[in-house]
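Q: Can you walk me through this one? I'd like to start with the strands and then get to the charged groups.
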Amino acid sequence: QVQLVESGGGLVQAGGSLRLSCAASGRAFSSYTMGWFRQAPGKEREFVAAFMLSTTRYADSVKGRFTISRDNAKNTVYLQMNSLKPEDTAVYYCAAKIRAFGVGVNEYDYWGQGTQVTVSS
């Protein structure tokens, strides 16, 4: 069993930055694919970024602005968000995937409770 706890969300003006953190409990953290997803009101949950070993992948909408990283010693994954836009407003979720690298919502095995990010124009 893996428990994930996100933090770092908040209200920021357009063009600003935030860093989200996700602390994971459980064993073998370094072997999991860790992902970030987001869900805006009235929309489906969507992929943002994922990281496993040396592989990272980003949604086109955040490429060049967001960076995913992880500290296996701290069992923590981060999402650095720069140049934020109002359309980035959503609840951001951290997720863990036990098996092969993937970006689909339904592929992930464990989810955090989410943290709200609001970007004002």
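A: One definition to begin with: two strands pair if DSSP finds at least two bridges between them. Also, this is a predicted model.

Q: Fine. Which strands form a hairpin with 6 residues between them?
A: β4 and β5 do. Glycine 42 sits in the turn and has a positive phi of about 75°. The two strands pair in the antiparallel sense over 5 bridges.

Q: What else is β4 joined to, and by how many bridges?
A: β9, by 7 bridges, and these two strands run antiparallel. Glycine 35 shows both pairings: alanine 95 in β9 stands opposite glycine 35, and in β5 its bridge partner is alanine 50.

Q: Is β4 enclosed or open?
A: Largely enclosed by the rest of the structure, because 6 of its 7 residues are buried.

Q: Now the charges. How many salt bridges does the structure hold?
A: It holds 5. Two of them involve arginine 38: one with glutamate 46, with the closest N and O atoms 2.7 Å apart, and one with aspartate 88, at 2.9 Å.

Q: What does the pair of aspartate 88 and arginine 38 tie together?
A: Parts that are 50 residues apart in sequence, because aspartate 88 lies in the loop between β8 (76-81) and β9 (90-97) while arginine 38 belongs to strand β4 (residues 33-39).

Q: Buried or exposed, those two?
A: Both aspartate 88 and arginine 38 are buried. For arginine 38 the relative accessible area is 6%. Glutamate 46 counts as partly exposed because its relative accessibility is 36%, and the limits for that class are 20% and 50%.

Q: Which salt bridge does lysine 63 form?
A: Its partner is aspartate 60, and the closest N and O atoms are 3.1 Å apart. Aspartate 60 is exposed, at 68% relative accessibility.

Q: Switching to the nonpolar part. How many residues are in the largest core?
A: There are 35. The residues with the most contacts inside it are Leu4, Met34, Trp36, Leu79, Met81 and Tyr92. Elements that give two or more residues to this core are β3 (18-25), β4, β5, β7 (66-71), β8, β9 and β11 (115-120).

Q: What does leucine 79 touch?
A: Not counting residues up to four places away in sequence, its contacts include Trp36, Val48, Phe66, Ile68 and Tyr92. Leu18, Arg19 and Leu20 are also among them.

Q: In what order do the 4 strands of the open sheet come?
A: The order is β1-β3-β8-β7, and the pairing is antiparallel. β1 and β7 are the edge strands, each pairing on one side only. Neighbouring strands of this sheet are turned by 15° against each other on average, direction ignored.

Q: How many bridges between β3 and β8?
A: They pair over 6 bridges, in the antiparallel sense. Arginine 19 stands opposite glutamine 80 in β8.

Q: Last one: where does serine 7 lie, and what is it in contact with?
A: Serine 7 lies in strand β1 (residues 3-7). Leaving aside neighbours within four places in sequence, serine 7 is in contact with Arg19, Leu20, Ser21 and Thr115. It is partly exposed, with a relative accessible area of 40%. Alanine 23 is 16 residues from serine 7 in sequence, and their C-alpha atoms are 8.4 Å apart in space.

Definitions and conventions
Residues are numbered from 1 along each chain as its sequence is written. This is a predicted model: local features need pLDDT of at least 70, side-chain atom pairs count only at pLDDT 80 or more; totals for chains, interfaces and linings use all residues. Side-chain values use heavy atoms; hydrogens and water are left out. A salt bridge is a side-chain nitrogen of Lys or Arg within 4 Å of a carboxyl oxygen of Asp or Glu. Buried means under 20% relative accessible area, exposed over 50%, partly exposed in between (1.4 Å probe, protein chains only). Contact means heavy atoms within 4.5 Å. A nonpolar core is a set of buried Ala, Val, Leu, Ile, Met, Phe, Trp, Tyr and Cys residues joined through side-chain atoms within 4.5 Å. Axes are lines fitted to C-alpha atoms, for helices over the stretch in contact, and angles run from 0 to 180 degrees between N-to-C directions.
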